[in-house]
Amino acid sequence: MLLVTGIRSMAVSDWPAVEEIYRQGIDDGEATFEVQTPTWEAFDGAKLAAPRLVAGDESGRVLGWAAASPVSTRDVYRGVIEHSVYVHRDARGQGLGRLLLDAFVTASDQAGFWTIQSSIFPENTASLRMHEAAGFRMVGIRERIARSLLGPHAGQWRDTVLIERRSIVNGRD
C-alpha cells in the first residue's frame, strides 16, 4: 500500500525523479505526444512557477508530479492553464494521481486561475475517470489531432479528449 507523506512545491532538486516519471509516461505511449523529456531549463521555462507540485512517500521519493503552462500570452487568457499530472509506474492505481490533482486544483484556485484544461488520449481511461471525479468535464474530442511518433501507437493519428474545470471561486464576477 502506498503511503504518501506529502505534496509540496516542486524544487530543482526534484528534477531527476520528475524526469524519470515523465520518461515513463512517454515510453508508455498513453500520456503525451512528446518523444523525449526536456531539459530542466526547458521544463522550467515552459511551466508556471506555481502551481508546480510533487508527491512523495515516507522515504522522500518523488512518485508523482503536476504542473501547468499558460494556454496563451494574451491577457484575456491569463486565468486559463493547461495542466499535466504524471505518476510513477510503481504508484499507479493507488489514488496518488487524485491526491495530486486535488492539491493542484486547490493551488490553482488560490493562485487565481479560473480554468484548468488538458488533452487526454481517449485510451487513458484512468485519467479521464480521475478528472471527471475531480470536477472536470469533457469539452470535446479533437479527432486525428496529431500522429504519434513513439510507443505502441507510433505512426498512428490519435484523438485527444479536451477536458476543463472551471473554478468555483474565480472568474464568476
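P51 is found in the loop that runs between α2 (40–46) and β2 (53–57). In this predicted model, the peptide bond leading from A50 to P51 is cis, its omega lying near 0°. Most peptide bonds are trans, and most residues other than glycine have a negative phi.

R144 is not a glycine, yet its phi is positive, at about 45°. The residue belongs to strand β6, which covers residues 137–147. With a relative accessible area of 54%, R144 is exposed, the cut-off for this class being over 50%.

The packing of one helix pair was also examined. Two packed helices are described by the angle between their axes and the distance between the axes. For helix α3 (residues 96–110) and helix α4 (residues 125–133), the angle is about 40° and the axes are 10 Å apart. Angles under 35 degrees count as roughly parallel and those of 65 to 115 as roughly perpendicular; α3 and α4 are therefore oblique to each other. The crossing of α3 past α4 is right-handed.

On the α3 side, the contact involves G97, R98 and L101, which meet M130, H131 and A133 of α4. Sorted by class, the residues in this contact comprise three nonpolar, two polar and one charged.

Conventions:
Residues numbered from 1 in each chain as written. Predicted model: local features only at pLDDT ≥ 70, side-chain atom pairs only at ≥ 80, totals over all residues. Heavy atoms only, no water. Axes fitted to C-alpha atoms, helices over the stretch in contact; angles between N-to-C directions. Helix = DSSP H or I, 4+ residues; strand = E, 2+ residues; numbered from the N terminus. Parallel < 35°, antiparallel > 145°, perpendicular 65-115°, else oblique. Left-handed = near helix turned anticlockwise from the far one by under 90°. Contact = heavy atoms within 4.5 Å. Nonpolar A, V, L, I, M, F, W, Y, C, P; charged D, E, K, R; others polar. Buried < 20%, exposed > 50% of the residue type's maximum accessible area, 1.4 Å probe, protein only.
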